[in-house]
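This briefing describes one protein chain, topic by topic. Please look through the sequence and the 3D structure before reading the points below.

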Amino acid sequence: MAVAAGLALGLAGCAGSDTLAGSGSSSSSEPSSSASGASKSLTVGSANFPENVTLAYIYGGALEDKGYDVTYKVNIGARDAYLAALKSGEINLVPEYAGSLLSYLDKTANAKSGDAVKSGIDAKIGTIDAVAYDFASAADSDSLNVTKSFADKNSLSSIADLKKLDSFTVAANPEFATRADGIKGLKSVYGLDNLKFKAISDGGGPKTLSALLNNTVQVADIYSTTPSIIENKLVTLKDPKNLFASQQVVPIVGKAKASDDVATVLNSVSSKLTTDDLLKLNQQVSGSSKTDPQAAAKAFLKEKGL
């Protein structure tokens, strides 16, 4: 997902010019008049794909507004790199994706629901000298999508509803054929023995979308914050049995900078951040308008009263 493969999500590209110290420049905001001392200074990092960069500016921007002196080091790289930077203190905050973070911290974890994933993270996150604050409802995860016309014709709103069909074809990356939460899971968890599989190697990208729109396939695995979902008015099927592990956005803070005040600020952001918000932000940043991630983040914070 935009998360563990390319950070499991494989969202490509870099939106933002800041990089890890030693390999580029970093930007810092002017502290407000209320900011003072090292306790009010934080460095916010990110993975190297546009959505995560935007999230870094959102969480960092909320802290700036509360008087923190915030420096940004975005586009650091994959999970190994930015979590190492967090543990060393080179950065102090990074937005993460719950299920993929838990898999990184605990290779044996099989939690799926948000509560179970949060408990698993809390039990293991001390190994990287960090704390995890509240989950946002926003999630960037595998999601099964159908066209609106197909959903309306067959009264589809959840993955379970696919059992009503005589047959259907689902498109996804080749590894979906053998993943526990892929074809195997659709059969064992939802009892979908009426499906066929078509492998398309573009991570839910243009080829997958084209196959769905021309009815070569009827269901497509597309990451949940991909702009094409809203651009084409696709219907994302609900996953009531948690086939896909929770990939909710969660801010991770190094213990040295963790505090009740920081928690209050970050939790206020997470409480207002939805998957629809991520879809719109990704459309702005990665779509035709190519909005600067920091500008998109500032507009989001203003819109949400943050």
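Which residues point one way from strand 11, and which point the other way? V249, P251 and V253 point one way, V250, I252 and G254 point the other way, and all of them are buried. The model is predicted. The protein has 11 helices and 11 strands, and buried residues make up 54% of its 306 residues. Of the contacts with a separation of 6 or more, 75% are between residues 24 or more positions apart.

- Strand 11 is largely enclosed by the rest of the structure, because six of its six residues are buried.
- Strand 4 pairs with strand 11 in the antiparallel sense, over five bridges.
- Within strand 11, V249 is the residue that Y97 stands opposite.
- Strand 5, residues 130-132, also pairs with strand 11 in the antiparallel sense, here over three bridges.
- A130 stands opposite G254 in strand 11.

- Helix 3 covers residues 98-105 and is mostly covered, with six of its eight residues buried.
- The buried residues of helix 3 are A98, G99, S100, L101, L102 and L105.
- These buried residues pack against two helices, helix 2 (79-88) and helix 4 (114-124). They also pack against two strands, strand 4 (93-97) and strand 11 (249-254).
- N110 is found in the loop between helix 3 and helix 4.
- N110 counts as exposed, because its relative accessibility is 66% and the cut-off for exposed is over 50%.
- The C-alpha atoms of N110 and G120 are 9.3 Å apart in space, and the two residues are 10 apart in sequence.

- An open sheet is formed by five strands in the order 8-7-9-6-10, with mixed pairing.
- The edge strands of this sheet are strand 8 (195-199) and strand 10 (235-236), each of which pairs on one side only.
- Strand 6, residues 144-146, runs antiparallel to strand 10, and two bridges join them.
- N145 has T236 in strand 10 as its bridge partner.
- Helix 7, residues 206-213, lies across strand 6, strand 7 and strand 9 (219-221). The angle between helix 7 and strand 9 is about 165°.

- S157 lies in the loop between helix 5 (148-154) and strand 7 (168-172).
- S157 is partly exposed, because its relative accessible area is 39%, which falls between the cut-offs of 20% for buried and 50% for exposed.
- Leaving aside residues up to four places away in sequence, S157 touches T236, L237 and K238.
- S157 and T236 are 79 residues apart along the chain, and their C-alpha atoms are separated by 7.6 Å.

- Most residues other than glycine have a negative phi.
- N75 is not a glycine, yet its phi is positive, at about 60°.
- N75 is found in strand 3, residues 69-77.
- N75 counts as buried, because its relative accessibility is 10% and the cut-off for buried is under 20%.
- N215 is also a residue other than glycine, and its phi is positive, near 70°.
- N215 is placed in the loop between helix 7 and strand 9.
- N215 is partly exposed, with a relative accessible area of 49%.

**The cavity**

- Rolling a probe the size of a water molecule over the atoms shows where empty space is left.
- How many cavities of 30 Å³ or more are there? The count comes to one.
- The largest cavity holds about 40 Å³ of space.
- The lining of the largest cavity is made up of D142, N173, F176, R179, G203, G204, D221 and Y223.
- Two of the lining residues are nonpolar, three are polar and three are charged.

Terms used: Residues are numbered from 1 along each chain as its sequence is written. This is a predicted model: local features need pLDDT of at least 70, side-chain atom pairs count only at pLDDT 80 or more; totals for chains, interfaces and linings use all residues. Side-chain values use heavy atoms; hydrogens and water are left out. On a 1 Å grid over the protein atoms alone, a cavity is a set of points where a 1.4 Å probe fits but cannot get out, and a pocket is an open set with protein on both sides within 12 Å along at least five of seven lines; lining residues have an atom within 4 Å of a point. Grid points are joined across faces, edges and corners, and a volume is the space filled by probe spheres set on the points. Ala, Val, Leu, Ile, Met, Phe, Trp, Tyr, Cys and Pro count as nonpolar, Asp, Glu, Lys and Arg as charged, and the others, Gly among them, as polar. Helices (H or I, at least four residues) and strands (E, at least two) are DSSP runs, numbered from the N terminus. Buried means under 20% relative accessible area, exposed over 50%, partly exposed in between (1.4 Å probe, protein chains only). Contact means heavy atoms within 4.5 Å. Two strands pair if DSSP finds at least two bridges between them. Axes are lines fitted to C-alpha atoms, for helices over the stretch in contact, and angles run from 0 to 180 degrees between N-to-C directions.
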